[in-house]
Amino acid sequence: MTTPLVKPLYTARATATGGRSGHAVTDDGQVDVHLKPPKEMGGPGGGTNPEQLFAAGYAACFQSALGAVGRRQGVNTEDSLVEADVTIGTIGGGGYGLAVTLKVSIPGVPADTTAALAEAAHQVCPYSNATRGNIEVTLESN
């Protein structure tokens, strides 16, 4: 018997039907969205898509990680802003892949300190750990 890599703290559950032109809902009903492919991918637009949901989750999670490493290093990250740009595109073999750019800003904190905190957050953020080695993630700070 193997030991699980993750000691569970919380499990989120969502159910999707209809794929990119369908519906997704969490078991508690807090997220309940109709999905529509964006115009850039030949869809009608005007709805939520999986990349937007991933971007929102990654940005929020990364900002929490930034706060944790900031507290450890005595830097106030309360006013920080994390923007996640999630790009979908084609990869070899006819498949699709993702790329992420995380833009981190901490007003009043020097750029080199912000960059160091962003790099430290990238090492502890669950989304970063899940994607590491699987998709390109670029960190930008200002």
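Good morning, colleagues. Please keep in mind that the model is predicted.

Let me begin with the geometry of H1. The helix covers residues 50-73, 24 residues in total. At 1.5 Å a residue it should span 34 Å, and because its end C-alpha atoms are 34 Å apart, expectation and model agree. Just after the helix comes Gly74, whose phi is positive, at about 75°.

I turn now to the buried residues of H1. Among them are Glu51, Gly57, Gly67 and Gly70, together with Ala55, Tyr58, Cys61, Phe62 and Leu66. What do the buried residues of H1 pack against? Their partners are three strands, namely E4 (81-90), E5 (96-105) and E6 (136-141), and two helices, H2 (111-124) and H3 (126-131).

This brings us to the largest nonpolar core, a set of 22 residues. Within this core, Phe62, Leu66, Val82, Leu102 and Val104 have the most contacts. Two or more residues come from each of H1, E4, E5 and H2, and H1 gives the most, with eight.

Next, the cysteines. The structure holds zero disulfides. Cys61 is in none, and its nearest cysteine sulfur, in Cys125, is 3.6 Å away. The criterion applied here requires the two sulfur atoms to be within 2.5 Å. The sulfur of Cys125 is 3.6 Å from that of Cys61, and is therefore too far for a bond. Cys125 itself has a relative accessible area of 0% and so counts as buried.

Finally, I would like to consider Thr131, which lies in helix H3. Is Thr131 buried or exposed? Thr131 is buried, because its relative accessible area is 9%, against a cut-off of under 20% for that class. Its side chain reaches the backbone oxygen of Ser128 at 3.3 Å. Beyond four places in sequence, Thr131 touches Phe54, Tyr58 and Val137.

Terms used:
Residues are numbered from 1 along each chain as its sequence is written. This is a predicted model: local features need pLDDT of at least 70, side-chain atom pairs count only at pLDDT 80 or more; totals for chains, interfaces and linings use all residues. Side-chain values use heavy atoms; hydrogens and water are left out. Helices (H or I, at least four residues) and strands (E, at least two) are DSSP runs, numbered from the N terminus. The expected span of a helix is 1.5 Å times one less than its number of residues. Buried means under 20% relative accessible area, exposed over 50%, partly exposed in between (1.4 Å probe, protein chains only). Contact means heavy atoms within 4.5 Å. A nonpolar core is a set of buried Ala, Val, Leu, Ile, Met, Phe, Trp, Tyr and Cys residues joined through side-chain atoms within 4.5 Å. A polar contact is a pair of N or O atoms within 3.5 Å; within protein, one must be able to donate a hydrogen and the other to accept it, and residues adjacent in sequence count only if both atoms are side-chain atoms.
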